[in-house]
Amino acid sequence: MRQRKLLMVAGSGGHLTELIRLAPRMDASPDSVWVTFDTEQSRSMLEGKNIFYVPYISPRDWRGTLRAYRLLAKFLRGHSFDAVYSTGAAVALAAFLQPRLRKVLKTYIESVSRTEGPSLTGRMVSLLPSVRLLTQHRQWANGRWKYTESILSEYVTKEDEKTDQGRPSLFVTLGTIKPYRFDSLVDAVIGTGLADENTIWQLGSTARSDLPGRVYAHLPAGEFKKAALEASVVITHAGVGTVVQLLDWGKSPVVVPREKSKNEHTDNHQFQISDLLVDRKLAVVTRAHELSATHLKRAMKQRTEIHE
């Protein structure tokens, strides 16, 4: 099949991780262009690719979406593409609404975290009749939304009987979404009694100065991977990007969803991906107020593999 010059559009974090994992299905040519936010993670993940950066768009940020739209419009004056693919979020609208892309095939792939139906971006994109819509869940596929295989289908978690069951070394990562804090998870980890001077914390917007171990707002991609691989237990929010990376590295993490009622996210979609991880037995999942040392020690006994 002829390779195509594609415009690949995604926000950073989970959206970008999913698009990268789905990209081999799309026959992208080497001169394809990726549109995303300029972060340490995106630079590392897209090393060697053509990238056009737009400023970060926070959830429900229509001004940020308009700013990205204008920047993309200027960029597109000197480029043409065979197709556009996006996994969201708002930056997808900035691309799909471009007049210069009106006659170009456009495809929106909803996040694997949306097990019950489309996101706000997905619902808005579905109003554009020219956009092909794909879901990674058969249960809500319909005439408009077609099913495509989930990026989680290739993983399997197994018991590792050789694991040393001494005191675990912890890596806690809360993701990079702004401006939402996740103090309930930080406090819960402290409450297990297992956080110590060897614990590494990547806190994002949850700035704290009262924690044992090494505390960072953000870790460079290489240091993030090193911390995850060396930890006997990784504790994370239910962000798709982080979870998929950890599964790739053989980890079966402790996953704790952010809750809207505690102002930890815009909605409760992290419960959907958490339930999916439970169904597929890929992680130890719990709520922040229920987290205990037992969850951490159970995760120590598990490892994840990619099956062919």
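This tour goes through a sheet, the helices on it, and one further helix of a predicted model.

Residues are numbered from 1 along each chain as its sequence is written. In this predicted model local features need pLDDT of at least 70 and side-chain atom pairs count only at pLDDT 80 or more, while totals for chains, interfaces and linings use all residues; side-chain values use heavy atoms, with hydrogens and water left out.

Select the seven strands of the open sheet, ordered 3-2-1-4-5-6-7 with parallel pairing. Helices (H or I, at least four residues) and strands (E, at least two) are DSSP runs numbered from the N terminus, and two strands pair if DSSP finds at least two bridges between them. Strand 3 (50-53) and strand 7 (145-147) are the edges; each has a single partner strand, so one side of each lacks a neighbour in the sheet. Neighbouring strands are turned by 25° against each other on average, direction ignored.

**Strands 5 and 6.** Next select 105-109 and 131-135: four bridges join these parallel strands. Thr 107 has Arg 132 of strand 6 as its bridge partner.

**Helices on the sheet.** Show helix 1 (14-22), which touches strands 1, 2, 4 and 5 and makes about 135° with strand 4. Contact means heavy atoms within 4.5 Å; axes are lines fitted to C-alpha atoms, for helices over the stretch in contact, with angles from 0 to 180 degrees between N-to-C directions. Then select helix 3 (62-76), lying across strands 1, 2 and 3, at about 140° to strand 3.

**Helix 7.** Move to 221-230, where Phe 224, Ala 227 and Ala 228 are buried (under 20% relative accessible area; exposed is over 50%, partly exposed in between, 1.4 Å probe, protein chains only). Those buried residues pack against strands 9, 10 and 12 and helix 8. Gly 222 and Glu 230 are exposed on the face turned away from the buried side.
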